[in-house]
Amino acid sequence: QKAQSSNPNNSQATDPRRAFVAPSVLGISYAPQHSRQYSNTMESDSDYSQRRKRIEELILTKERIDLRRKLRDDDISVVASALARSRTVKVLNLSCNNIGDAEIKMIADAVRSNPNSALQELILTGNNIGPDGAKYLAEALR
């Protein structure tokens with residue numbers, strides 16, 4: 001068996017471009033220069049804009065989307081805006097994204113406002129949705 005090198009000068013382990021890789025579903029890499037700090041990752045303004053556009057594009061064009069553990073707090077507004085216009089997404093997995101009552105209200109309002117929505121399944125396990133959030137969602141689904 002091959003032993004792994006514990007060399008602290010290993011460029012693969014210390015290269016910041018390798019340390020800040022976005023979820024592959026969004027297809028975006030983080031650049032350390034001209035960056036914003038979000039949850040211990042850095043993202044350039046250009047990457048931030050591309051990320052938001054990619055999330056919107058997914059929701060507007062795909063039927064099944066898995067965004068489990070891939071969203072940041074400020075991404076929910078993009079998700080909600082796209083859901084308000086989407087005619088294609090049928091299954092949307094938003095599990096484990098730290099979504100709370102305020103974020104679920106934005107999503108619920110978006111679903112309610114879209115008479116042409118194809119959404120059939122919204123997966124929200126592992127989030128922080130309380131009784132108020134559940135009420136918002138229940139009202140939107142009536």
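Rings of Phe, Tyr and Trp (its six-membered ring) form a pair if their centres lie within 6.5 Å. By this rule, the model has 0 aromatic pairs. A ring can still meet a charge: Lys105 lies over the face of Tyr136, at 5.4 Å from the ring centre. A charge sits over a ring when NZ of Lys or CZ of Arg is within 6 Å of the ring centre and within 35 degrees of the ring normal.

This is a predicted model, where local features need pLDDT of at least 70 and side-chain atom pairs count only at pLDDT 80 or more, while totals for chains, interfaces and linings use all residues. Residues are numbered from 1 along each chain as its sequence is written, and side-chain values use heavy atoms, with hydrogens and water left out.

Now let's look at how some helices (DSSP runs of H or I, at least four residues, numbered from the N terminus) pack. Axes are lines fitted to C-alpha atoms over the stretch in contact, with angles from 0 to 180 degrees between N-to-C directions.

| Helices | Angle | Axes |
|---|---|---|
| α3 (residues 45–61) and α4 (residues 76–83) | about 30 degrees | 9 Å apart |
| α4 and α5 (residues 101–113) | roughly 15 degrees | within 8 Å |

Helices α3 and α4 are therefore roughly parallel, a term for angles under 35 degrees. Their contact (heavy atoms within 4.5 Å) includes Arg52 and Ile55 of α3 and Val78 and Leu83 of α4.

The angle also makes α4 roughly parallel to α5. Here Ile76, Ser77, Ala80 and Leu83 in α4 meet Glu103, Met106, Ile107, Ala110 and Val111 in α5.

Notes
Helix = DSSP H or I, 4+ residues; strand = E, 2+ residues; numbered from the N terminus. Parallel < 35°, antiparallel > 145°, perpendicular 65-115°, else oblique. Phe/Tyr/Trp six-rings, centres within 6.5 Å; stacked < 30°, edge-to-face > 60°.
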